[in-house]
Amino acid sequence: MLNKKLDLYLKENYYPFHMPGSKRTNVLRNDLPYERDLTEIDGFDNLNDPKDIFVIMENRLSKIYDVNKTIISTNGSTSGLLSVIRALTYDNQNILIERSSHKAVYNACELNKLDVSYIDIITNEISAIVDINYDDFEKKISSKNFSCVVITSPSYEGYILDLDKIYKLCQKHSTKLVVDMAHGSHFPLTDCYNISFDVAITSFHKNLSALTPAAAVLVNDLDIYDEVKRNMAIFQTSSPSYVILQSIDEMIEKFSTFNKLYENLMNNLLYLYSQDFKNLQVIDNKFKDKSKILISTNNTNISGSKLASILKEEKIEIEMAYPNYALLISTIFDRKEGFDRLIKALYKIDNDISRMYNKSSFTFKIPNKSLEIYECINLNKNIYTLEDSIGKICGDFIYAYPPGIPILVPGELIDEDIIKNIKFLLANNINMNIIDENISCIN
Ligand SMILES: Cc1ncc(COP(=O)(O)O)c(C=O)c1O
């Protein structure tokens with residue numbers, strides 16, 4: 001739709017006395033899409049107030065995702081989360097979020113001065129987050145009147161929550177359910193897709209074909225649509241990228257062909273999951289999206305980061321490494337050649353390593369809260385060594401990136417267990433936002 005219209009427009013040879021500044025010149029690299037970069041010129045609609053092409057694209061997305069309304073984001077799920085959480089929390093500042101929420105959710109809590117409660121999470125033998133603690137959730141949601149509940153499903157590692165169960169409880173307590181589905185844009189192709197939510201946010205760039213950071217807000221509850229949309233125009237750029245929008249258009253146009261590609265992907269994945277390694281373990285279960293390839297190094301003499309660096313020597317780049325596993329992301333656009341190279345490399349590594357007891361000693365823990373996140377912004381802070389920070393109130397977010405899930409949040413009390421966790425991650429070469437093993441604490 002957008003692409004076809006632009007094809008025709010470009011043939012007309014209009015001279016661009018308008019933005020963008022690159023003016024379809026030929027003095028710049030021709031492998032960058034200057035030729036198709038555009039702005040809201042006559043006939044090409046306005047994403048922040050759509051009336052024409054973007055309404056059609058959003059309607060087609062609503063059909064694909066089986067929801068009432070869709071709002072396109074050219075600024076990632078990040079702006080979707082900021083917009084949705086703001087729109088839902090004007091009258092009630094109490095929010096219940098999964099502890100393993102992405103940093104964008106925490107940023108929304110800071111911006112909107114929210115009083116945050118956390119849903120406890122459950123990890124597996126490699127310390128991947130696999131579920132929420134449903135008893136804890138039930139207890140928390142009954143304890144207070146929350147404006148909304150924010151959960152992540154699927155998780156970065158592909159674990160899927162029981163949305164039916166969670167949504168029922170949210171409805172019972174008149175609380176809106178927001179699902180951070182950033183990692184599940186491909187779910188309509190699978191049999192794990194579930195529309196039990198008031199609103200979900202998904203990143204097309206993570207699992208489908210649209211360019212980074214294409215995303216969308218999927219709205220079921222029409223009562224909140226207008227306000228979410230108004231907020232999207234606040235948190236998105238006023239110059240949305242037409243190159244990203246064209247890639248979303250291309251994704252919509254080709255979507256009907258994606259089922260076949262998904263079938264191919266599943267065949268390649270099933271072949272991978274059927275391999276029999278002596279030491280490495282490719283983790284799978286029925287509540288997990290198979291396209292997230294989790295390779296456990298538990299009980300071997302290497303860490304997840306070491307596995308990542310050996311794979312890199314084999315010219316295979318992975319998504320993320322944690323102490324006891326490596327995460328590889330596959331999509332419908334992967335090719336058999338890639339899987340063949342991966343399997344070959346894994347057998348080689350598997351033969352070169354040996355068994356050794358090295359079970360993960362990392363346990364997610366929710367620290368005690370002394371202050372809300374927003375209360376910490378203007379307080380005086382000082383830098384302390386990890387050891388000296390014990391007993392103090394944390395002044396900053398501490399997280400490993402990826403995945404960007406905070407281990408410590410501003411206002412939380414630092415204790416020995418948390419410091420042990422941070423040291424464990426640092427010792428395993430996990431990339432953290434800590435400089436020289438120092439933490440900012442509130443005086
Ligand atoms: C769970 C989760 N939610 C939201 C986001 C933000 O998505 P985006 O990069 O599309 O802004 C991420 C990013 O990695 C994520 O992992």
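This is a predicted model: local features need pLDDT of at least 70, side-chain atom pairs count only at pLDDT 80 or more; totals for chains, interfaces and linings use all residues.
Local features require a pLDDT of at least 70 and side-chain atom pairs count only at pLDDT 80 or more, whereas totals for chains, interfaces and linings use all residues. Residues are numbered from 1 along each chain as its sequence is written, and side-chain values use heavy atoms, with hydrogens and water left out.

An open sheet of seven strands has the order S1-S9-S8-S7-S6-S2-S3, and its pairing is mixed. Strands (E, at least two residues) and helices (H or I, at least four residues) are DSSP runs numbered from the N terminus, and two strands pair if DSSP finds at least two bridges between them. Strand S1 (69–73) and S3 stand at the edges with a single partner strand each, so one side of each is left without a neighbour in the sheet. From one strand to the next the twist averages 20°; axes are lines fitted to C-alpha atoms, for helices over the stretch in contact, and angles run from 0 to 180 degrees between N-to-C directions.

Helix H8 (residues 222–235) packs on this sheet, where it touches S1, S7, S8 and S9, and its direction makes about 15° with that of S1. Contact here means heavy atoms within 4.5 Å. H2 lies across S1, S8 and S9 and runs at about 115° to S1.

Within the sheet, strand S8 (residues 199–203) is mostly covered, five of its five residues being buried. Buried means under 20% relative accessible area, exposed over 50%, and partly exposed in between (1.4 Å probe, protein chains only). In a regular strand the side chains alternate between the two faces of the sheet. Both faces of S8 are covered, with Val199, Ile201 and Ser203 buried on one side and Ala200 and Thr202 buried on the other. S8 runs parallel to strand S7 (residues 176–180), to which three bridges join it; Asp180 stands opposite Ile201 in S8. Five bridges join S8 to strand S9 (residues 215–219), and these two run antiparallel. The bridge partner of Ser203 in S9 is Ala215.

Strand S3 (residues 115–119) has four of its five residues buried, so it is largely enclosed by the rest of the structure. Strand S2 (residues 94–98) pairs with S3 in the parallel sense over five bridges. Ile95 has Val116 as its bridge partner in S3, and Glu98 has Ile119. S2, helix H4 (residues 103–111) and S3 make a right-handed β-α-β unit; a crossover is right-handed if, with the strands pointing away from the viewer, the path from the first strand over the helix to the second runs clockwise.

A further open sheet consists of four strands in the order S10-S11-S13-S12, with antiparallel pairing. At its edges stand strand S10 (281–283) and strand S12 (320–322), each with a single partner strand, so one side of each is left without a neighbour in the sheet. The twist here averages 25° from one strand to the next. Strand S11 (residues 292–296) and strand S13 (residues 325–329) pair over five bridges in the antiparallel sense, and Ala326 in S13 is the bridge partner of Ile295. Helix H10 (residues 258–273) packs on the sheet and touches S10 and S11, its direction making about 10° with that of S11.

In helix H11 (residues 304–313), Gly304, Ser305, Leu307, Ala308, Ile310 and Leu311 are buried. The buried residues of H11 pack against S11, S12, S13 and helix H12 (336–352). Just after H11, Lys315 takes a positive phi of about 65°.

A search of the whole structure finds twelve aromatic pairs. Rings of Phe, Tyr and Trp (its six-membered ring) pair if their centres lie within 6.5 Å; planes under 30 degrees apart count as stacked, over 60 as edge-to-face and the rest as tilted. Tyr9 and Phe44 form an edge-to-face pair at 5.3 Å centre to centre, with 75° between the planes. Tyr9 lies in helix H1 (residues 2–11) and Phe44 in the loop between H1 and helix H2 (53–65), so the pair ties together parts that are 35 residues apart in sequence.

Arg99 lies over the face of Tyr118 at 4.6 Å from the ring centre, and the charged end of Lys165 sits over the ring of Tyr134, 4.5 Å from its centre.

Notes: A charge sits over a ring if NZ of Lys or CZ of Arg is within 6 Å of the ring centre and within 35 degrees of the ring normal.
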